[in-house]
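Look over the fold before reading on.

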Amino acid sequence: MELLENFNLKNFNTFHVSAHARYFVNVPDLACLRDALTFARARGLPFMLIGQGSNILFRQDYPGLIIEMNIRGRKLVGENDTHWHVKASCGENWHAFVQWCLENSYYGLENLSLIPGTVGAAPVQNIGAYGVEMKDVMLSLEALEIATGELVTFSNADCGFGYRHSVFKGDKRDQYIIYSVTFALHKQAVVNIGYASLAKALEGTPDPDITPELVGRTVTEIRRSKLPSPSRLGNAGSFFWNPVVSREQFDSLRLEHPGIVGYPDGDEVKLAAAWLIEQAGWKGFREGDVGVHSEHALVLVNHGHATGAELVDLSERIQQSVVEKFGIRLTPEVRII
Ligand code: EPU
């Protein structure tokens with residue numbers, strides 16, 4: 001195990017902010033992961049796992065051990081009449097895994113193309129985009145129980161998935177480390193093109209031509225047109241959750257703001273946080289090196305040398321102005337450390 005000290009995390013968070021970890025270790029296998037946990041426990045240090053740092057904002061240095069999860073591997077592990085069962089280790093890059101599945105005709109992940117991050121991080125926040133969420137495609141996962149060092153299997157139902165939520169952010173927070181994820185992927189080319197902007201982009205394409213490969217390419221194009229690539233402009237995708245309000249609250253908001261964007265979510269309504277932020281005047285805002293993306297108001301960006309504290313400060317100003325204009329408090333989706 002190679003421990004690095006006072007390690008700059010600039011290349012390990014997609015906001016590309018500078019913050020130092022007291023210790024940093026790259027973990028390529030389970031034995032090394034167990035050693036890293038033993039080291040942290042022996043020193044009484046806090047520790048934190050990092051995949052590609054695509055949902056994290058460091059507002060200050062980290063006083064403990066950062067564990068970079070780099071455990072790799074992907075393979076077909078089973079099947080039934082309709083589905084392939086495909087297993088991937090936690091350190092696999094998400095988008096590369098999606099592409100590999102498509103190349104092998106394992107269908108179902110194409111709507112989740114181009115999401116930054118790793119396979120292991122994906123279930124924690126039940127990643128979702130263009131009408132598909134992790135909960136729709138996951139069969140089970142293996143996680144290391146931190147207290148015992150044992151691997152435990154979680155079924156899909158055990159994960160308690162909700163909108164950008166799972167037990168790993170709730171009741172079981174900080175108790176498990178996701179080691180591998182097994183997906184149930186269609187043998188037949190089934191496509192899901194119900195999401196409005198995806199359906200619009202495919203309008204006019206004859207049905208037989210709408211293959212999973214085309215869906216994957218279309219989602220990739222939509223994302224590229226709206227969301228900045230972290231390799232060019234520091235960001236962590238949507239900074240806030242889309243707030244969910246009651247139908248009554250939605251109706252009264254709509255009276256005052258007729259253009260408000262909301263989608264039915266069970267008995268409630270999920271509001272487009274991007275719309276609220278844009279209406280509050282923030283879209284394209286820039287001050288020094290912090291800003292709000294000009295193509296999508298839900299994305300905060302680092303134009304170069306922004307600090308984590310400056311980005312947090314901007315997020316708080318946005319929250320405050322949305323409260324003042326709409327009476328709604330946005331909650332960060334990004335994990336602020
Ligand atoms: N809109 C605006 N202004 C903008 C952008 C969007 O008013 O600048 C309005 C439009 O009316 C648009 C609506 O907001 O129709 C929804 O926008 P979009 O389809 O881009 O989706 P979103 O709700 O902003 C969510 C996820 C994204 C995911 C997309 C597509 C959350 C917090 N975000 O964004 O996930 O890619 O749907 O499914 O649920 C992420 O989690 O980091 C992420 C990027």
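In which loop is the place of Tyr130? Tyr130 sits in the loop between strand S8 (128-129) and strand S9 (132-133).

A word on provenance. This is a predicted model, in which local features need pLDDT of at least 70 and side-chain atom pairs count only at pLDDT 80 or more, while totals for chains, interfaces and linings use all residues. Residues are numbered from 1 along each chain as its sequence is written, and side-chain values use heavy atoms, with hydrogens and water left out.

Back to Tyr130. Its phi is near 50°, a positive value in a residue other than glycine. Most residues other than glycine have a negative phi. Tyr130 is also buried, with a relative accessible area of 9%. Buried means under 20% relative accessible area, exposed means over 50%, and partly exposed is in between (1.4 Å probe, protein chains only).

23 residues surround the ligand, and Tyr130 is among the closest, together with Tyr163, Asn242, Glu278 and His296. A residue counts as near a molecule if one of its heavy atoms lies within 4 Å of it. By class, the shell has 13 nonpolar, 4 polar and 6 charged residues. Here Ala, Val, Leu, Ile, Met, Phe, Trp, Tyr, Cys and Pro count as nonpolar, Asp, Glu, Lys and Arg as charged, and the others, Gly among them, as polar.

Why does the ligand lie between domain 2 and domain 3? Domain 2 (74-226) and domain 3 (234-336) both give residues to the shell, so the ligand lies between them. The domain bounds come from an automatic or database domain assignment. Helices contribute too. Helix H5 (212-226) and helix H7 (273-279) each supply at least two residues of the shell. H7 gives the most, with 3 residues.

Now the polar contacts, which are pairs of N or O atoms within 3.5 Å; within protein, one must be able to donate a hydrogen and the other to accept it, and residues adjacent in sequence count only if both atoms are side-chain atoms. An N or O atom in the side chain of Tyr195 is 2.8 Å from an oxygen atom of the ligand. For Asn242, a polar side-chain atom lies 2.8 Å from a ligand oxygen. For Tyr263, the distance from a polar side-chain atom to a ligand oxygen is 3.2 Å. Taken alone, the ligand exposes 830 Å², and the protein buries 83% of that. These accessible areas come from the Shrake-Rupley method with a 1.4 Å probe; for residues, only the protein chains shown count as cover.

Next, the strands. Two strands pair if DSSP finds at least two bridges between them. Strands of a sheet pair through backbone hydrogen bonds, either parallel or antiparallel. Strand S1 (residues 3-8) and strand S2 (residues 20-27) run antiparallel, joined by 5 bridges. Asn8 stands opposite His20 in S2. S2 also runs parallel to strand S5 (residues 62-69), over 6 bridges. There, Asn26 has Glu68 of S5 as its bridge partner.

The loop between S1 and S2 holds His16. Phi of His16 is near 55°, again positive in a residue other than glycine. At 25% relative accessibility, His16 counts as partly exposed.

Strand S12 (residues 176-186) is mostly covered, with 9 of its 11 residues buried. Strand S7 (residues 83-89) pairs with S12 in the antiparallel sense over 7 bridges, and Trp84 stands opposite Leu185. Strand S10 (residues 138-145) also pairs with S12 in the antiparallel sense over 7 bridges, and Ala143 stands opposite Ile178.

A further sheet is open. Its 4 strands follow the order S13-S19-S18-S17, with antiparallel pairing. The edge strands are strand S13 (234-235) and strand S17 (286-287), each pairing on one side only. S13 joins strand S19 (residues 300-302) through 2 antiparallel bridges. In S19, Asn302 is the bridge partner of Gly234.
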